[in-house]
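Hi,

Here is the structure I promised to hand over. Have a look at it first, and my notes on what turned up follow below.

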Amino acid sequence: MPTHPSLLPLTFRVLCLVFCVFGVVGCVASESARSDRQTLETGFTQYSARQFDKSYSAADEYIRKNPNAANIDEAYYLRGLSRMSRNSPTEKTAAAQDLQTAIAKTKRSDLKAKANRALGDIAYDASRWPDAATYYQKSLATAPASSLSPAATVHINYRLGTCHQNLGQWTGAKPYFQKVITSNADPAYTRSALARIDVKSFSLQFGAFRDQPNAAALVKQLKSSILATVITEMRDGQLLYFVRFGSYPTFAEAQSARTRFLPKYPKITISP
């Protein structure tokens, strides 16, 4: 004869109730986690599509809802990239904090490499050459095989070369430019590396011309106050004439000289 439910032991009935409740909660929690994960994946897709405000919102929402998630490192990385790409000084400071948090929380060497590269770009754009070089070197040192694309590796090596030159470390810059030239992964970077690899100082450039007479005319015009010279270089198969002056060991010294000349010569640039 079947036992009436009311006659079942109380403990058994309580356990059944607990199982049912937690089973439902577990399903709901699992579904919520899947939804949040989808939000994060959508954020990366939005970032790739250059929808930076949307990718920021997706990462920010994930961080608020899942502060202890196993993949919270990815969310901080995405939020850092999104902030960085919105390109304001305040956002870049916040981006650097997010990227540092991603590095601190992750166990993935590939994510550390990519986050350090992004930190290097932030420092480079702010003309903080020692910091940029440190982050770029960390990126290369922590990157597992094939985790950085050839384009990313060339970008890092080229910027490491320019960081060294900007600090007056001209010999130290050469190996990085040589790697860019040897890889030949990006024609634009290859051309720039070839133009910079044997340079030993910065100079001020007052003009660039396709014909020698115009370059000579500018030198004559400057002669009363500036002893400029004409330098010839091949660019994309064409011989160009550059009017340049001075020799400065570091970028800071060249920038200081440029600032002095700017009021009278607003088109002056720094070479290389």
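How many bridges join strand β2 to β3? There are 7 of them, and the two strands, β2 being residues 229–235, run antiparallel. Within that pairing, I231 has F242 of β3 as its bridge partner. The hairpin of β2 and β3 has 2 residues between the strands, and D236 takes a positive phi near 55° there.

Before going further, some ground rules. This is a predicted model, in which local features need pLDDT of at least 70 and side-chain atom pairs count only at pLDDT 80 or more, while totals for chains, interfaces and linings use all residues. Residues are numbered from 1 along each chain as its sequence is written, and side-chain values use heavy atoms, with hydrogens and water left out. Helices (H or I, at least four residues) and strands (E, at least two) are DSSP runs, numbered from the N terminus, and two strands pair if DSSP finds at least two bridges between them.

The overall picture

The protein has 11 helices and 4 strands. Of its 272 residues, 39% are buried; buried means under 20% relative accessible area, exposed means over 50%, and partly exposed is in between, using a 1.4 Å probe and protein chains only. Contact means heavy atoms within 4.5 Å. Among the contacts with a separation of 6 or more, 54% are between residues 24 or more positions apart.

The sheet

The 4 strands make an open sheet in the order β2-β3-β1-β4, with antiparallel pairing. Its edge strands are β2 and β4 (269–271), each of which pairs on one side only. On average, neighbouring strands here are turned by 50° against each other, direction ignored. For angles like this, axes are lines fitted to C-alpha atoms (for helices, over the stretch in contact), and angles run from 0 to 180 degrees between N-to-C directions.

Moving across the sheet, β1 (residues 202–209) pairs with β3 (residues 238–248) in the antiparallel sense over 6 bridges. In that pair, G207 stands opposite V243 of β3. On to β4: 3 bridges join it to β1, again running antiparallel, and S203 stands opposite S271 of β4. Helix α11 (residues 251–261) packs on the sheet and touches β1, β3 and β4, with its direction making about 55° with that of β1.

S271 has something else to show: the peptide bond from S271 to P272 is cis, with omega near 0°. P272 itself lies in the segment after β4.

Two helices side by side

Next, look at α7 (residues 150–166) and α9 (residues 187–196), whose axes come within 11 Å and cross at roughly 25°. They are therefore roughly parallel to each other; the label covers angles under 35 degrees, with over 145 counting as roughly antiparallel, 65 to 115 as roughly perpendicular and the rest as oblique. Their contact is made by V154, H155, Y158, T162, Q165 and N166 of α7 and Y189, S192, A193 and R196 of α9. By class, that contact has 4 nonpolar, 5 polar and 1 charged residues. Here Ala, Val, Leu, Ile, Met, Phe, Trp, Tyr, Cys and Pro count as nonpolar, Asp, Glu, Lys and Arg as charged, and the others, Gly among them, as polar.

A few single residues

Most residues other than glycine have a negative phi. S127, though, has a positive phi near 65°. You'll find S127 in the loop between α5 (109–125) and α6 (129–142), and it is partly exposed, with a relative accessible area of 41%. N184 also has a positive phi, near 50°, and sits in the loop between α8 (170–183) and α9.

Finally, is K92 buried or exposed? At 16% relative accessibility, K92 counts as buried. K92 is found in helix α4 (residues 89–105). Leaving aside its neighbours within four places in sequence, K92 is in contact with M84, N87, I122 and D125. The C-alpha atoms of K92 and G80 are separated by 8.2 Å, the two residues being 12 apart along the chain.

Cheers
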